[in-house]
Structure formats: C-alpha cells, structure tokens
Amino acid sequence: TFTTADGAVVPVELGLPTQRKRRIQGVVLFAHGANLWPEGYRALTHHWVEEHYIVISLTFVDSERHPARVASDRPRILRERLRDYGELAAQIESELNGAKHLDLLAGLTPEDDFRKDIPSADLPLHAAGHSYGAYLAQMLAGASAIDGETGDTLTLPRPKNLRSVLALSPPPATTCCNRCRRPNSLLNRCWPRATKRQPAPHLTR
C-alpha cells in the first residue's frame, strides 16, 4: 500500500524484475481505467517487468476492487485520483532516485531486493495509463483540466525524471463549452488540453 500526505491508504501492485541479467531500465507508474483494477492489465505490465522495468500500479477509489469504493461522486474521484497519482510520482522521484529507497519496497527478502541493480544515475519515470488513467498520465506531463465545480485549473507537478507518457485509449481533449455545465459529466466536465506525443522506448514490442 501507499499512504498519502492526508493519511489515505491506497492499494498498490508492485511488479519487480526477477532476472538479474540486465540493469533496471526505469519505473512505469500505471493508472487503470474507470472502475477497473490493476490485475486486469497484468499481460501488459508483465511485459514491462520482463523488459526490466519496475511497474507500480495503483488501485484508485473508483475501482470495483477498492476496499472503500466511491462509485458516483465524480468530483471526489477525480481529486483523489490526482492526489494518489501525483503524490506517488513525487515519492518515486525523491526517494527511489535519490536514496535508492521506497516505502513500497519495505519487507522485501534479500533475494527479491533489486536495489543493488539500480544504476547510480536517476532512473527514468514513464507515466502510463488506460482511458481515465491515460488522462492522469497526460496531466503528469503537463496537461491541465478545469474543475467543473469551482472553475479552477487542475494540474500535477511534473517530475524531473519523467521521460515519456504512454496513453492507451486516452479520452479526447476538448475545450470548455456549454455542454461542460451538464451535471455529473465525467471528469468534472472537461478533458485536459492535449499534450505532444512522446516516445516510450522499449515499453512496447
């Protein structure tokens, strides 16, 4: 699990390379689609692990597998998704790349502890996501959204070690218009501005 600054406990699935023939290539932070869960993407995330990436997948509060699921409060879902994804990305940047330590790795057996395989240079971070999760990945790279309740611009801090975004079936980018005022529209009524596509080397065959 991962604990946020305000004390929320977020379920996390961690994928670790088991073969030590290559150095760790980077970290993939993966966000699932609306109502889904990390286990449904294991064929994809397992491939990244085989390519010697650490894969960290969060289970967000809207997931049908979340122990304290929130199904219909869309503004809250968006706020908590942004909080969870952004805070974990910041922790990966500051702890894994700096001190070669991450709270998520606590309790690893000596056989599973791969930290000696991490190169001395900072590891690259790749933001990945499907559908609603692709929305978060784009925001980590600089896209923004409008909060339909307050009109505030929503952003996430961009980690210095972010190298690419892999957006799978991302929602379309739109501009605000009259239909954005429709109540209960997904994602607080507005998608983020589109970001430039960036290559994600070695993440797909």
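Helices and strands are named here as DSSP runs, numbered from the N terminus, and the model shown in these views is a predicted one.

View 1. Most residues other than glycine have a negative phi, and His52 has its positive value although it is not a glycine. With a relative accessibility of 5%, His52 counts as buried, because the cut-off for that class is under 20%.

**View 2. Helix 1 and the strands that cover it.** Helix 1 spans residues 42-50, and its buried residues are Thr45, His47, Trp48 and Val49. The cover over these buried residues includes strand 3 (12-15), strand 4 (26-31), strand 5 (53-58), strand 6 (125-130) and strand 9 (162-168). Trp48 also belongs to a cluster in which ring pairs link it with Phe30 and Tyr41. Arg42 itself counts as partly exposed, at 44% relative accessibility.

**View 3. The largest nonpolar core.** In soluble globular proteins, nonpolar side chains tend to be buried together. The largest nonpolar core of this model has 36 residues, of which Leu29, Tyr85, Leu125, Met139 and Leu140 touch the most other members. At least two residues of this core come from each of strand 4, strand 5, helix 2 (74-99), strand 6, helix 3 and strand 9, and helix 2 gives the most, with seven residues. Around Leu29, once its neighbours within four places in sequence are left aside, the contacts are with Ile56, Leu58, Tyr85, Leu88, Ala89, Ile92, Leu125, His126, Ala127 and Ala128. A second, separate core is made of nine residues, among them Val28, Phe30, Val49 and Leu166.

View 4. The structure has three aromatic pairs, and one of them joins Tyr132 and Tyr135 in an edge-to-face arrangement, with 5.9 Å from centre to centre and 75 degrees between the planes. Because Tyr132 and Tyr135 are three residues apart in helix 3 (residues 132-140), about one helical turn separates them. Just after helix 3, Gly142 takes a positive phi of about 130 degrees.

**View 5. Arginines placed over aromatic rings.** Arg81 lies over the face of Tyr132, at 4.1 Å from the ring centre, and Tyr132 is buried. In another place, the charged end of Arg65 sits over the ring of Trp37, at a distance of 3.9 Å from its centre.

View 6. Side chains of opposite charge can pair when their charged atoms come close. The structure holds six salt bridges. In one of them Asp6 pairs with Arg83, the closest N and O atoms being 3.2 Å apart. Asp6 lies in the loop between strand 1 (2-3) and strand 2 (9-10) while Arg83 lies in helix 2, so this pair ties together parts that are 77 residues apart in sequence. Through salt bridges that share partners, Asp6, Arg76, Glu80, Arg83 and Asp84 are joined into one network.

**View 7. Ser169 in the segment after strand 9.** Ser169 is found in the segment after strand 9, and this residue has a positive phi of about 50 degrees although it is not a glycine. Ser169 is exposed, with a relative accessible area of 55%, whereas His52, which also has a positive phi without being a glycine, counts as buried.

Key
Residues are numbered from 1 along each chain as its sequence is written. This is a predicted model: local features need pLDDT of at least 70, side-chain atom pairs count only at pLDDT 80 or more; totals for chains, interfaces and linings use all residues. Side-chain values use heavy atoms; hydrogens and water are left out. Buried means under 20% relative accessible area, exposed over 50%, partly exposed in between (1.4 Å probe, protein chains only). Helices (H or I, at least four residues) and strands (E, at least two) are DSSP runs, numbered from the N terminus. Contact means heavy atoms within 4.5 Å. Rings of Phe, Tyr and Trp (its six-membered ring) pair if their centres lie within 6.5 Å; planes under 30 degrees apart count as stacked, over 60 as edge-to-face and the rest as tilted. A charge sits over a ring if NZ of Lys or CZ of Arg is within 6 Å of the ring centre and within 35 degrees of the ring normal. A nonpolar core is a set of buried Ala, Val, Leu, Ile, Met, Phe, Trp, Tyr and Cys residues joined through side-chain atoms within 4.5 Å. A salt bridge is a side-chain nitrogen of Lys or Arg within 4 Å of a carboxyl oxygen of Asp or Glu.
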